Amino acid sequence: MDELELIREYAAVFGKGTNYHYYIFSKGGFTDGLLQAQERGDVQLLTLADIFE
């Protein structure tokens, strides 16, 4: 979840619009918190396998 919060802070610097799409890439998997955030539609999580499909 720390990564998602950091990405949100970076996006806020641009200050344009309110509709942001967040993507996090991982080759080792995701925490339960990030998986729950994805279920809520807060972030899109992609693994290495997703990229090569």
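Mentor: A salt bridge here is a side-chain nitrogen of Lys or Arg within 4 Å of a carboxyl oxygen of Asp or Glu. Please keep in mind that this is a predicted model.

Trainee: How many salt bridges does a search of the whole structure find?

Mentor: The search finds three. They link E5, R8, R40 and D42 in a network.

Trainee: What are the closest N and O distances for R8 with E5, and for R8 with D42?

Mentor: For R8 and E5, the closest N and O atoms are 3.0 Å apart. For R8 and D42, the corresponding value is 3.9 Å.

Trainee: Which parts does the pair of R8 and D42 tie together?

Mentor: R8 belongs to helix α1 and D42 to the loop between α2 and β2, so this pair ties together parts that are 34 residues apart in sequence. By contrast, R8 and E5 are three residues apart in helix α1, which puts about one helical turn between them.

Trainee: Is R40 buried or exposed?

Mentor: R40 is exposed, because its relative accessible area is 53% and the cut-off for exposed is over 50%. D42, at 27%, is partly exposed.

Trainee: Changing topic, how do strands β1 and β2 run?

Mentor: They run parallel, with four bridges joining residues 23-26 to residues 44-47. Between them the chain passes through helix α2, residues 32-40, in a right-handed β-α-β crossover.

Trainee: Which residues form the nonpolar patch on the surface?

Mentor: Y23, F25, L48, I51 and F52 form the patch, with about 590 Å² of accessible area together. β1 and α3 each supply at least two of its residues.

Definitions and conventions: Residues are numbered from 1 along each chain as its sequence is written. This is a predicted model: local features need pLDDT of at least 70, side-chain atom pairs count only at pLDDT 80 or more; totals for chains, interfaces and linings use all residues. Side-chain values use heavy atoms; hydrogens and water are left out. Two strands pair if DSSP finds at least two bridges between them. A crossover is right-handed if, with the strands pointing away from the viewer, the path from the first strand over the helix to the second runs clockwise. Patches are made of residues with over 30% relative accessible area and no salt bridge: like charges are joined within 9 Å, nonpolar side chains (Val, Leu, Ile, Met, Phe, Trp, Tyr) within 5 Å. Accessible areas come from the Shrake-Rupley method with a 1.4 Å probe; for residues, only the protein chains shown count as cover. Buried means under 20% relative accessible area, exposed over 50%, partly exposed in between (1.4 Å probe, protein chains only).
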